[in-house]
Every structure is written in structure tokens, then in C-alpha cells.
Amino acid sequence: MELSSARILLIVGGGIAAYKSLDLVRRLRERGAQTRAVLTPAGAHFVTPLSLAALTGGKVYEDLFSLTDEAEMGHIELSRDADLIVIAPATADLLAKAAHGLAGDLASTLILATDKKILAAPAMNLRMWLAPATQRNVAALSADGMAFIGPNDGSMACGEFGPGRMAEPMEILAAIETALASATSIPLPAGAAKSGALAGRRVVITSGPTHEPIDPVRYIANRSSGKQGNAIARAAAAAGADVTLISGPVALADPPGVAVVHVETALEMLSAVERALPADIFIAAAAVADWRVEAAPDKLKKSGSGPPKLSLVENPDILAAVAARKKQRPTLVVGFAAETRNVIEHAKAKLSRKKCDLIIANDVSPESGVMGGDENEAHLISAAGVENWPRLPKDEVARRLVAALAARLAEMRR
Ligand code: CTP
């Protein structure tokens, strides 16, 4: 379904990010979508019903037990009359209520009673987001079919830094479009066959940096944040794939609905990949250290006779090893090329040297802000040629990649 003809029921929860939901409503309206708003009592501490009413151009629903509201449009009709339910900001409390089927107020009743797809944009303090209870709730809700966008990393209103910031309105808008494209009226029960462009496919992804120990307390690392790999895992899971993400050390929450294997070194990453295969698609998004150190068993001490000499050994190339498999080679093997100059030229050379099917090439020079940032300007390179993508949020790059892979697999089936 197109955004221009969609009816969105927006539930605004209580969080400082609620102000961004006002912008979301404006952008939805600009694109022709109709928005009805539900404001929770906590949400009303951050934005007023009047601003939401002015922006949606309609009534704002706040109370489960309002006689006039129920007479005009009861809560069941509210959800029946929508194509998609969006919760933004989705607070820890709203997610907990939804995960446990509580229905003591209008928002939670709507969430429990709906047969429509739900997209949640979580926003909360990072410790609340990383708390095992919230992560359990998010995993349970994803298994029940709820889609998630964000949260993003960043500095928070509470002064801390980390995951918990609500996704930006434009990112939520893109997620709404994706959710509408795959919207089914009845959410799938947990354990039922998944739907989506990669349903029934297995995807293995490496992500993040590796840490190569020098001695028991020191290591060699790189600046990879793992954001692009995590975003690909989320996008592949949202497309219905069975996803295993093998991640080096990152400061990110595990993506919901994805099996995550945490590793430190390149050798650990290689053996985790071998255990996770076979798969239909292998995506090497990790910034694997090219060399490991012959690590000292004890902490190196200053000896007075100059710095120690580190003896480096080349690490196995995980991407090249998977692409070269004789048995059970994934149908599509995708590599990344992180370059600081002659991006396309080097990436093309990597495509043929590593014998992969596709390369996502990007410029990671410090001026690009790609390493650790939230955006990426990527080029999709295959034997057929180069597709240049504009600078996009990493989530959108991930969705485009997943769509390109699904299209290729579908093409091969024909
Ligand atoms: N890669 C890998 N195992 C390695 C090194 C790299 O799987 N030991 C994968 C990365 O995950 C990425 C691709 O290879 O998908 C390219 O990584 P990159 O660091 O850009 O290239 P290098 O192989 O290091 O080549 P170069 O040194 O020429 O840049």
C-alpha cells in the first residue's frame, strides 16, 4: 500500500522524543497520509492534545472510558480504521504492557485489540533500553510480528550517551513505507511461517570490528561501530529471513528477532561463521583486522631497553574463504569495501579477488563521517556494473541491500 493513501494510527507515548512525533505527523500529512492520534497521559506531559489536533486536523484520543469518544468511534473502530499502527515514542512502559498483553488504558488496549501491523519507535534512557526486561519484551514483540525502528545511538536528554534516542522522523517515515508495503491485516502468531521478501531464507552477517590481543590487557582494534551490520540484520529479519549476526565488540543493543553471536577476534569470527553456515546469503560487513599479534601470555612490561617488537601474523580472510567454498557456498556472497581513495576501482578489484557476488563500497575517510556515523554513501558493485546510492541513513542502505538481494534470489529462481 502507498503512503499517500494510508491511514496511520499514531500512539504518542510519554517521552521527551514526543516532540519529534509532531514533525512526523506533519511529514505524513505532506505525503498525503491520514493520521489519527492517540496521546497517553504520560505523552500529554510532553506535547499537548491541541498541537496534535492542529497537525492531524482531527480529534485526539486520550481516554479509554470516554463516553463521547466511544459513542463517536470506539477503540475497536480506531484500530479497524487504520492501515498501520505506529507507536512513537514507544516507551519502556508501553512496550512492557504490549509484551504482556495488558490493557488498562486506551493505548495498550488498542495495541492488544488490533489485527493491524504495528511499528514501534522506542525511545528511553539507554539503561532502560538495555535492561534485560526491555530486551526480553522487544524480542517477544518482534516474534509476535511487531516491527521496530531504532532506537539510535546518541547523546540523550538525560545526559548519557548510547542507544535509546528515538529514530528521526524521516527514518520512521521510511520504516512506515516498508511496513505498509508488507502490511498484513492479521499479525502472525509466534512460530508461524514468516512472510516477506526473504521469508524462508537464511542470512549470516558479520559485523563490527575485531579485537586482536597484544597481551592479556591490550589489543589492536579499528573504528568500526557495527551500525551498518546491525542495520542489515534488522532489515533482513524484517524481510522475514532467519538471521544470524556474528558481531565483534560493539556498543550496540542486539537487534531484536536476530540470533547474535558475540566474538572478539578474527579467528573466533571465522569459526562462528563456519558454525552458522550453510546459508542462502552471507554478508561480510565486519571490519576484520587484517593482522593478529603473536600475543604475549603475560602483560608486557616496560623493560628500559625500548618498546617491544610486535610480531604480526595475517588473519584468514573470512569473506574470501566463504566465497571460495566448494561445498555449501551461499548463493549470494556479499562483501564490503571500506576505502579512503579510488573507492570504485579498489572495490571492483576486491569483487574479483575475493570472488564474491556483490560488493558494497564506501568511502571511510575521516571527512566522510561514515565510520561510527549514522549515514553511508554506498555503491553496489557487481559483475553487471555499479549502482550509486545517495547519502542515506544506514537503515535505508540496509533496506536497499536487502531488497537488491531478494530481487536477485527471486530472479535466480525463475
Ligand atoms: N574481510 C574478511 N576477513 C578479513 C578481512 C576482510 O572477511 N580477514 C572482509 C570484510 O568483512 C569486507 C571485505 O573483506 O567485507 C573487505 O574488507 P577490507 O578491509 O575493505 O579489505 P581488505 O581485505 O582488508 O583489503 P585491503 O587491505 O586491500 O583494503
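Which of the 15 residues around the ligand come nearest? They are Ala 284, Val 288, Ile 318, Leu 319 and Gly 335, where a residue counts as near a molecule if its C-beta atom, placed from the backbone, lies within 6 Å of it. The model is predicted: local features need pLDDT of at least 70, side-chain atom pairs count only at pLDDT 80 or more, and totals for chains, interfaces and linings use all residues. Residue numbers start from 1 along each chain as its sequence is written.

Two elements, helix H12 (318-323) and strand E17 (332-339), each supply at least two residues of the shell around the ligand. Helices (H or I, at least four residues) and strands (E, at least two) are DSSP runs, numbered from the N terminus. E17 gives the most to this shell, with 4 residues. By residue class, the shell divides into 9 nonpolar, 3 polar and 3 charged; Ala, Val, Leu, Ile, Met, Phe, Trp, Tyr, Cys and Pro count as nonpolar, Asp, Glu, Lys and Arg as charged, and the others, Gly among them, as polar.

The protein chain is assigned domain 1 (3-181) and domain 2 (202-413), with bounds taken from an automatic or database domain assignment. The C-alpha centres of domain 1 and domain 2 lie 33 Å apart. Their contact takes 15 residues from domain 1 and 11 residues from domain 2, two residues being in contact if their C-beta atoms, placed from the backbone, lie within 7 Å. On the side of domain 1 that touches domain 2, the elements giving two or more residues are helix H7 (126-130), helix H8 (132-143), strand E6 (147-148), strand E8 (161-165) and helix H9 (169-181). H8 provides the largest share of that side, 5 residues.

Strand E6 also belongs to an open sheet of 6 strands, ordered E3-E2-E1-E4-E5-E6 with parallel pairing; two strands pair if DSSP finds at least two bridges between them. Strand E3 (60-61) and E6 stand at the edges, each with a single partner strand, so one side of each has no neighbour in the sheet. Within this sheet, strand E1 (residues 7-12) and strand E4 (residues 84-90) run parallel and are joined by 4 bridges, with Ile 8 opposite Leu 84 in E4.

A further set of strands is antiparallel. Strand E18 (residues 358-363) is joined to strand E19 (residues 375-382) by 4 bridges, and Ile 360 stands opposite Leu 380 in E19. E19 is in turn joined to strand E20 (residues 385-393) by 7 antiparallel bridges, while a hairpin connects E19 to E20 through 2 residues.
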